[in-house]
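Subject: Structure for you to look at

Hello,

Here is the structure I said I would pass on. Please open it next to this message, and my notes follow below.

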Amino acid sequence: MGKTLGRLRRLPEIECFFPKTTREAVSLLKKYSSKAKVFAGGTDLLPKMKRRELTPKYLISLSGIPDLKFIKYEKEKGLRIGAATTLNEILQSPMIQKRYPILAETVSQMASTQVRNIGTIAGNLCNAVPSADTAPPLIVLGAQLKLVGPQRQRRVLVEDFFKGPDHTVLDRTELVSEIQIPPPPSGAKGTYLKHTLRRTMELAMVGVAAYFVPNSKKEMCKEIKIALGAVAPVPLRAKKAEAILTGKPFSDELIEKAAQVASEESKPIDDIRGSAEYRREIVRVLTKRVIEQSLVKG
Ligand SMILES: Cc1cc2nc3c(=O)[nH]c(=O)nc-3n(C[C@H](O)[C@H](O)[C@H](O)COP(=O)(O)OP(=O)(O)OC[C@H]3O[C@@H](n4cnc5c(N)ncnc54)[C@H](O)[C@@H]3O)c2cc1C
């Protein structure tokens with residue numbers, strides 16, 4: 001059977017830890033290293049364990065650590081989201097809906113209420129699949145992750161976090177403690193859209209996010225970021241498409257050209273959800289759509 005359809009088997013006996021602080025979680029991770037996995041909601045990890053794709057002997061839960069559960073906004077510094085914050089907490093945050101609507105819109109397109117009640121944004125990123133829905137919007141928002149290990153803390157842009165399917169820059173003893181997003185530039189607007197085989201409860205076949213800053217008269221694109229999901233080994237920026245639009249007045253022709261170039265920048269594969277050729281065409285369609293939909297937002 002294929003990887004995604006593999007038989008689910010009962011979990012073997014595992015020792016599970018429930019630390020109360022990040023420091024405790026990191027020291028457990030250091031102690032058990034390659035034999036341990038941290039988890040938050042477990043919505044990605046447990047199915048993988050049931051398919052025996054991962055066989056950790058020790059699990060370290062992050063969900064009961066109060067210092068990883070917060071959403072904080074400061075005008076100068078922007079937004080900080082603790083790693084144990086659930087997807088539904090993000091979706092329901094009035095502050096995120098107001099200042100980072102692209103993030104709330106993205107989460108509303110993910111999974112189901114039940115999965116969002118326990119699944120986390122950090123888990124979505126750390127699972128490191130190219131189709132992770134939160135990656136493209138976080139990339140265009142310029143988000144970075146705070147990584148905490150036994151010896152050091154460091155920050156890495158979400159854009160540089162992924163190394164390939166199932167691989168990130170995290171080393172075995174590090175965890176993500178928070179997601180940091182800069183304050184939104186004045187007038188910035190963005191949209192994330194995903195294309196799926198089924199209408200709901202489905203991973204993206206293609207996901208596209210765009211976020212741009214118009215000039216004061218709103219007819220020119222001062223800055224734009226476009227990110228693509230599920231069409232390469234890692235979520236990626238469509239930088240050539242961005243260059244086409246930057247510093248120019250928006251026009252149908254220019255948007256069409258940028259969408260075509262974004263499609264050429266994608267590197268999709270044929271798989272169970274769709275062919276590479278179809279995916280490239282969907283990148284073109286969604287890129288055009290996310291820009292057009294963002295333009296009409298207030
Ligand atoms: C029915 C169903 C529908 C789904 N629909 C979608 C969807 O529409 N879009 C989508 O993108 N995903 C979807 N998913 C996948 C999943 O729900 C999300 O990726 C979710 O955000 C994962 O969060 P979690 O907290 O459950 O991760 P977990 O399963 O707890 O962890 C996932 C991985 O990340 C690691 N990890 C978790 N937190 C940290 C941390 N703080 N630091 C370091 N490593 C960490 C774990 O070790 C594990 O390897 C779906 C899953 C299910 C079961």
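Is Phe 250 buried or exposed? Phe 250 has a relative accessible area of 15%, so it is buried, the cut-off being under 20%. Please keep in mind that this is a predicted model.

Aromatic pairs

Phe 250 has a ring partner, Phe 212. The centres of the two rings are 5.0 Å apart and the planes make an angle of 55°, which is a tilted arrangement. Phe 212 belongs to strand S12 (residues 206–214), while Phe 250 is in the loop between helix H10 (239–245) and helix H11 (252–265), so the pair ties together parts that are 38 residues apart in sequence. Phe 212 counts as buried because its relative accessibility is 0%.

In total there are six aromatic pairs. Another one of them is formed by Phe 17 and Tyr 58: with ring centres 6.2 Å apart and planes at 35°, this pair is tilted. Here strand S1 (residues 15–17) supplies Phe 17 and strand S3 (residues 58–61) supplies Tyr 58, so parts that are 41 residues apart in sequence are tied together. Both Phe 17 and Tyr 58 are buried. Together with Tyr 32, they make up one aromatic cluster.

One ring has a charge over it: the charged end of Lys 72 sits over the ring of Phe 70, 4.8 Å from the ring centre.

The sheet

Strands of a sheet pair through backbone hydrogen bonds, in either a parallel or an antiparallel way. In this model, five strands make an open sheet with antiparallel pairing, in the order S4-S5-S10-S6-S7. The edges are strand S4 (71–74) and strand S7 (153–157); each has a single partner strand, so one side of each has no neighbour in the sheet. From one strand to the next, the twist averages 20°.

Strand S5 (residues 78–82) and strand S10 (residues 175–181) run antiparallel and are joined by four bridges. Arg 80, for example, has Gln 180 in S10 as its bridge partner.

The ligand

Which residues are closest to the ligand? They are Val 38, Thr 43, Asp 44, Thr 120 and Asp 133, out of 32 residues that surround it.

- Gly 42: a polar backbone atom is 2.8 Å from an oxygen atom of the ligand.
- Asn 124: a polar side-chain atom lies 2.8 Å from an oxygen atom of the ligand.
- Val 176: a backbone N or O atom is 2.9 Å from a nitrogen atom of the ligand.

Regards

Conventions:
Residues are numbered from 1 along each chain as its sequence is written. This is a predicted model: local features need pLDDT of at least 70, side-chain atom pairs count only at pLDDT 80 or more; totals for chains, interfaces and linings use all residues. Side-chain values use heavy atoms; hydrogens and water are left out. Two strands pair if DSSP finds at least two bridges between them. Helices (H or I, at least four residues) and strands (E, at least two) are DSSP runs, numbered from the N terminus. Axes are lines fitted to C-alpha atoms, for helices over the stretch in contact, and angles run from 0 to 180 degrees between N-to-C directions. Rings of Phe, Tyr and Trp (its six-membered ring) pair if their centres lie within 6.5 Å; planes under 30 degrees apart count as stacked, over 60 as edge-to-face and the rest as tilted. Buried means under 20% relative accessible area, exposed over 50%, partly exposed in between (1.4 Å probe, protein chains only). A charge sits over a ring if NZ of Lys or CZ of Arg is within 6 Å of the ring centre and within 35 degrees of the ring normal. A residue is near a molecule or strand if one of its heavy atoms lies within 4 Å of it. A polar contact is a pair of N or O atoms within 3.5 Å; within protein, one must be able to donate a hydrogen and the other to accept it, and residues adjacent in sequence count only if both atoms are side-chain atoms.
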